[in-house]
2 protein chains.
Amino acid sequence: MAQKPSIPKGTRDFNPEQVAKRNYIFNTIRGAFETFGFQPIETPSFENSETLMGKYGDEGDRLIFKILNSGDFLGKANEEAYEAKDSLKLTPSISEKALRYDLTVPFARYVVQHQNEIEFPFKRYQIQPVWRADRPQKGRFREFYQCDADVVGSDSLWQEVEFIQLYDAVFSALKLEGVTIKINNRKILSGIAEVIGAHDKLIDFTVALDKLDKIGEEKVKEEMRSKGIPEEGIEKLQPLFSLSGAFETQIEVLKSILSTSEEGMKGIEELAFIDNAISELGLQTAALQLDVTLARGLNYYTGAIFEVAAPDSVKMGSIGGGGRYDDLTGIFGLKNVSGVGISFGLDRIYLVLEELNKFPETVTKNVEVLFINFGDKEALFSLKAIKTLRENGINAELYPDAAKMKKQMNHANKRAIPYVVLVGESEMTSNTFTLKTMKTGEQHTLTLEDLIAHI
Amino acid sequence: MAQKPSIPKGTRDFNPEQVAKRNYIFNTIRGAFETFGFQPIETPSFENSETLMGKYGDEGDRLIFKILNSGDFLGKANEEAYEAKDSLKLTPSISEKALRYDLTVPFARYVVQHQNEIEFPFKRYQIQPVWRADRPQKGRFREFYQCDADVVGSDSLWQEVEFIQLYDAVFSALKLEGVTIKINNRKILSGIAEVIGAHDKLIDFTVALDKLDKIGEEKVKEEMRSKGIPEEGIEKLQPLFSLSGAFETQIEVLKSILSTSEEGMKGIEELAFIDNAISELGLQTAALQLDVTLARGLNYYTGAIFEVAAPDSVKMGSIGGGGRYDDLTGIFGLKNVSGVGISFGLDRIYLVLEELNKFPETVTKNVEVLFINFGDKEALFSLKAIKTLRENGINAELYPDAAKMKKQMNHANKRAIPYVVLVGESEMTSNTFTLKTMKTGEQHTLTLEDLIAHI
C-alpha cells in the first residue's frame with residue numbers, strides 16, 4: 001500500500017515560508033488594486049469547454065487541461081472518433097469541462113453573463129490560479145497564479161495613465177526600485193506598417209522588429225526582406241533602428257516617420273497624452289519608457305501595450321504586461337465594450353525579490369513565543385497566560401508534550417521562535433514567567449503584563 | 001460565434017460583495033490559526049491519481065474529478081478496456097492526474113514527502129478549494145473551500161484542548177454567539193460496543209445511535225435489533241438514550257456503563273481531562289457539550305471527535321468538525337504519526353452569518369470617494385489629489401470620462417460610493433475641492449488636507 005509520494009510535474013508544494021512570501025506579494029498587489037478602486041471577483045476553476053476552446057488558438061487549445069466526464073463517459077463517446085481512435089476528435093464527447101487557462105476569457109464570460117448586475121465602467125481585479133499543460137521548465141509551471149486588473153466600459157486614456165501609476169504604486173510598495181514600464185501603441189505599429197507599404201504584413205513586421213535587441217539591426221532587416229517587405233520601406237524605417245532616449249525625443253522622430261499615416265498619428269497623440277499626464281503626476285520609483293519594438297499580444301491589443309521590466313541588475317523576462325483591447329466580450333455576444341488591463345507575474349516577481357533580498361524579515365508570521373511544557377499543572381497555568389497573549393495579538397503556543405527540556409529548546413531553535421517562556425513551581429507560586437530570549441540567552445522573570453509588553 | 005455564457009453546474013461566480021464577505025471569514029480564520037501557532041502550506045490543485053484513488057472508498061473514487069491526459073491520450077489507452085468500452089477500467093490509462101478531493105490526503109502526502117524538512121510536532125493550516133463530482137444541491141457545490149488546521153507528531157491531549165479554544169476564538173471573532181462544540185471519543189463508542197457484545201458491529205451500532213435525534217429511541221432500538229445486536233446489550237444501553245445535561249453528569253453515567261471496558265474508561269479519562277482544562281480556561285462565547293451519539297468519520301478517527309453546531313436559531317448542519325487520527329501518513333509509508341485536526345465549513349458559516357446579519361458593514365472595501373470628471377484639465381488636477389488620497393490609504397478614483405454630470409452622479413449612487421468630489425474652474429484657482437456627501441447631499445469646499453481629514 002505504501003507509495004513513494006510525489007506531485008505532478010510542473011506543480012509545486014509551498015512551505016510556510018513560501019506561502020508567507022507569496023501572500024506578502026498578493027497582499028501588496030491587492031491593497032494597491034483596492035486603493036485604485038478595483039473590486040475583486042472570482043470565477044470557477046473550471047469552465048464549460050466551449051467557453052475556453054477556440055479562444056487561444058490551436059496551441060492554446062492543446063494546452064488547456066480537460067476534465068474527464070464522470071461515470072460511464074464512454075456511453076456518450078463520439079462513435080466515429082472512437083472507431084478511429086482519434087483523441088482530438090473524441091475529446092469533446094468525453095470531456096465537457098476544462099480548467100481555466102487565463103483570467104481574461106473567464107472575465108469576459110463573467111461580464112457578459114452578469115451584464116445586467118454590473119455598473120459600467122467596471123473596474124475588477126482577480127487573483128486566482130490558472131493551469132496550462134505546457135512543458136515545465138525553469139520559471140514555467142503548469143499551475144500558477146495570475147493577478148489581473150481591468151476596466152471595461154470606457155475608452156478614456158486616463159485609465160492608461162492610472163495603470164502606469166498602479167504599476168509604480170505596487171513595485172514601490174514592494175521596495176523594488178528601478179523597474180521600467182515600457183509602453184507602445186498598436187496604432188503606431190500599424191502606422192509604420194502602413195507607411196512602409198506592409199500593412200498586410202503587420203505581424204511579420206512586428207515579429208521581426210521585436211527581435212532588434214537580440215539579433216541586431218542587420219538581421220532584422222534580413223528577416224523583413226525575407227518576408228517580402230519592400231526595400232524602400234525598410235529604408236524608411238532607418239530612424240527606428242536607432243530610436244532611443246527620452247519619451248519626447250522619440251515622439252518627435254515618430255512624428256516625422258508617421259506624418260502620412262492617420263492611424264500612426266493617432267497613436268502618437270495617445271502616447272503623448274499619457275506621457276504628459278505621467279510627467280505632471282510623477283512616479284515614485286518606476287520609469288516610463290517608450291519602446292516601439294514592444295508588440296506583445298498583438299492579435300489582441302488595439303491601443304496601448306504595456307510591459308514591465310525588472311531592474312537592470314536582475315536577468316529576468318517581463319514581470320508584468322497588459323494593454324487596451326476593443327472587443328473582449330464580443331466573443332460572448334456583447335459588442336463594443338472597450339477594455340484595458342494589466343497583469344502582474346507573481347512567480348517572476350517572487351524570484352526578483354528573492355534575488356535582490358527584498359522580502360521584509362517580518363514577512364513570515366512565525367510563532368513569537370513557545371511555552372516549555374513541564375507537566376500538566378504547569379501546562380494549564382501556561383495556557384491561561386497564552387490565552388491572554390493571543391487576545392493581545394501575540395502568536396503563542398505551548399509545546400504539546402512534557403518532553404525533555406533540551407528537546408523542547410531544540411524545537412524552538414529549529415523553528416526560529418525568538419522567545420521561550422519557562423514556568424515551574426516557583427513561577428506558579430509567584431504568578432510570574434521566566435522569559436528567555438533565544439538569540440542572546442538572556443533570561444528575565446516577569447509578570448504577565450510585563451511579558452506582553454516585552455514581546 | 002456568440003454563445004450564451006454559463007458556468008458548469010455546482011460552480012459559482014463570486015461578485016465583489018461576496019468575495020469581500022468570504023475574505024472576511026477567511027481572514028478571521030487565518031488570523032486565529034496564526035495566533036495559535038499554525039503555519040500555512042499549499043499543495044497543487046491536482047495530484048497524481050494514485051495519490052488520491054482508493055483513499056475515500058468506492059464512492060469517493062467516483063466523485064474525484066479526473067484530468068484527461070494531454071495529446072494523443074488514446075495511444076496509451078488500455079486496449080482491453082477500450083475494446084470492452086469499459087469507462088471505469090479505461091480511466092487510469094487515459095488520466096494520470098485528478099483534482100484534490102479534500103485537504104487531508106494531500107497534507108498526509110506532503111508530510112511524508114517533506115518529512116526531512118519538517119520539524120515535528122508540525123502545526124499546519126491550509127485554506128484551499130477542493131472539488132467533488134457530487135450531485136449539486138442547496139449548499140452543496142462541486143467546487144468549495146476547506147479551511148483545515150492539524151497538528152501531527154504528538155498525541156498530547158493539550159492539542160484537543162487548544163482546538164476547542166480555537167473554535168471558540170474564531171466564532172467569537174465572527175460575533176457568532178451561541179455555537180455548540182460537540183465532543184465525543186471513538187474509544188467510548190468502542191467501549192459501549194464492547195460492553196453490549198457488539199464489538200464487531202461498531203459501525204452498525206454507531207450509525208443507528210447517530211439517528212437518535214431524528215428517529216427517536218424506539219426506532220433506533222429496532223434498527224439495532226435488525227443488525228443483530230443482542231437484546232440484553234440494547235437493555236444495557238438504556239441510560240444512554242436519556243443521556244444529557246452537564247458534561248460531568250454524563251461522564252458519571254458513562255463510567256457506570258463502561259466500568260468493565262478498559263478502552264471505554266480510557267475514553268472517559270480523555271474526555272474528563274479535556275473538560276476539566278476547558279472549565280479552567282473558560283470559553284468566550286461557545287459551549288462545550290459531550291454528545292455520545294456523535295460518530296462522524298468513524299473509520300478514520302481514533303480518539304476525540306468534534307462537531308460544531310450553529311446557534312439554535314439557525315437551521316443548518318454542522319459548521320465544523322474534526323478529530324484525532326493515529327495513522328494518517330501510514331498510507332504513504334510513514335508509520336506512527338498521530339495527528340489531530342479540525343475543519344471549518346466556509347459556505348455554511350457564510351450562510352449563517354448572512355441569515356443572522358452578522359457581516360460587519362465595513363466588510364466590502366468599497367471606493368470611498370469618486371472624483372467627477374469635467375474635462376482633461378480638471379481630471380489632471382483631480383488625479384494629483386487622488387494620488388495623495390491613495391497614499392493616505394483612501395480608496396479613491398476618477399470617473400474616466402467627462403460624461404454628463406448626472407450620469408457620473410448616478411454611477412456613484414449605484415456603486416454606493418459615500419462621497420464625490422467636484423473640481424471646476426473656481427476650485428482649481430483656489431486649490432480647493434468641493435466634497436459632497438451622497439447620503440445627505442451636504443457640500444463643503446475644502447483644502448486637500450481637510451478633505452483627507454474629512455474622509
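The points below concern the interface, a helix pair, the backbone and the salt bridges.

1. The structure under review is a predicted model. Every value in this note is accordingly a computed one.

2. Extent of the interface. Chain A places 103 residues in contact with 103 residues of chain B. The size of an interface is often given as the accessible area lost when the parts come together. For chain A and chain B the buried area is about 9500 Å², and carbon and sulfur atoms contribute 57% of that area.

3. Make-up of the chain A side. Helix 16 of chain A (residues 376-391) supplies the largest share of the side that touches chain B, namely seven residues. Sorted by class, this side of chain A holds 45 nonpolar, 28 polar and 30 charged residues.

4. A helix pair within chain B. What is the crossing angle of the axes of helix 8 and helix 13 of chain B? The axes of helix 8 (residues 186-195) and helix 13 (residues 247-258) cross at roughly 40° and come within 10 Å. Helix 8 and helix 13 of chain B are therefore classed as oblique to each other. On the helix 8 side the contact is formed by Ile188(B), Gly191(B), Ile192(B) and Val195(B), and on the helix 13 side by Leu254(B), Ile257(B) and Leu258(B). By class, the contact comprises six nonpolar residues, one polar residue and no charged residues.

5. Backbone geometry to inspect. Most residues other than glycine have a negative phi, and most peptide bonds are trans. In chain A, a cis peptide bond links Phe120(A) to Pro121(A), with omega about -5°. Pro121(A) sits in the loop between helix 6 (104-113) and strand 5 (122-131) of chain A. In chain B, the bond from Phe120(B) to Pro121(B) is cis, with omega near -5°, and Pro121(B) is placed in the loop between helix 6 (104-113) and strand 5 (122-131) of chain B. Lys85(A), which is not a glycine, has a positive phi of about 50°; Lys85(A) belongs to the loop between helix 4 (79-83) and helix 5 (87-94) of chain A.

6. Salt bridges overall. Over all chains the count is 48 salt bridges. Among them is the pairing of the Glu17(A) and Lys21(A) side chains at 2.8 Å, N to O. Both residues lie in helix 1 of chain A (residues 16-35), four residues apart, or about one turn of the helix.

Note on methods:
Residues are numbered from 1 along each chain as its sequence is written. Chains are lettered from A and ligands numbered from 1 in the order in which they are written. This is a predicted model: local features need pLDDT of at least 70, side-chain atom pairs count only at pLDDT 80 or more; totals for chains, interfaces and linings use all residues. Side-chain values use heavy atoms; hydrogens and water are left out. Contact means heavy atoms within 4.5 Å. Buried area is the accessible area (1.4 Å probe) that two parts lose on being put together, summed over both. Helices (H or I, at least four residues) and strands (E, at least two) are DSSP runs, numbered from the N terminus. Ala, Val, Leu, Ile, Met, Phe, Trp, Tyr, Cys and Pro count as nonpolar, Asp, Glu, Lys and Arg as charged, and the others, Gly among them, as polar. Axes are lines fitted to C-alpha atoms, for helices over the stretch in contact, and angles run from 0 to 180 degrees between N-to-C directions. Angles under 35 degrees count as roughly parallel, over 145 as roughly antiparallel, 65 to 115 as roughly perpendicular and the rest as oblique. A salt bridge is a side-chain nitrogen of Lys or Arg within 4 Å of a carboxyl oxygen of Asp or Glu.
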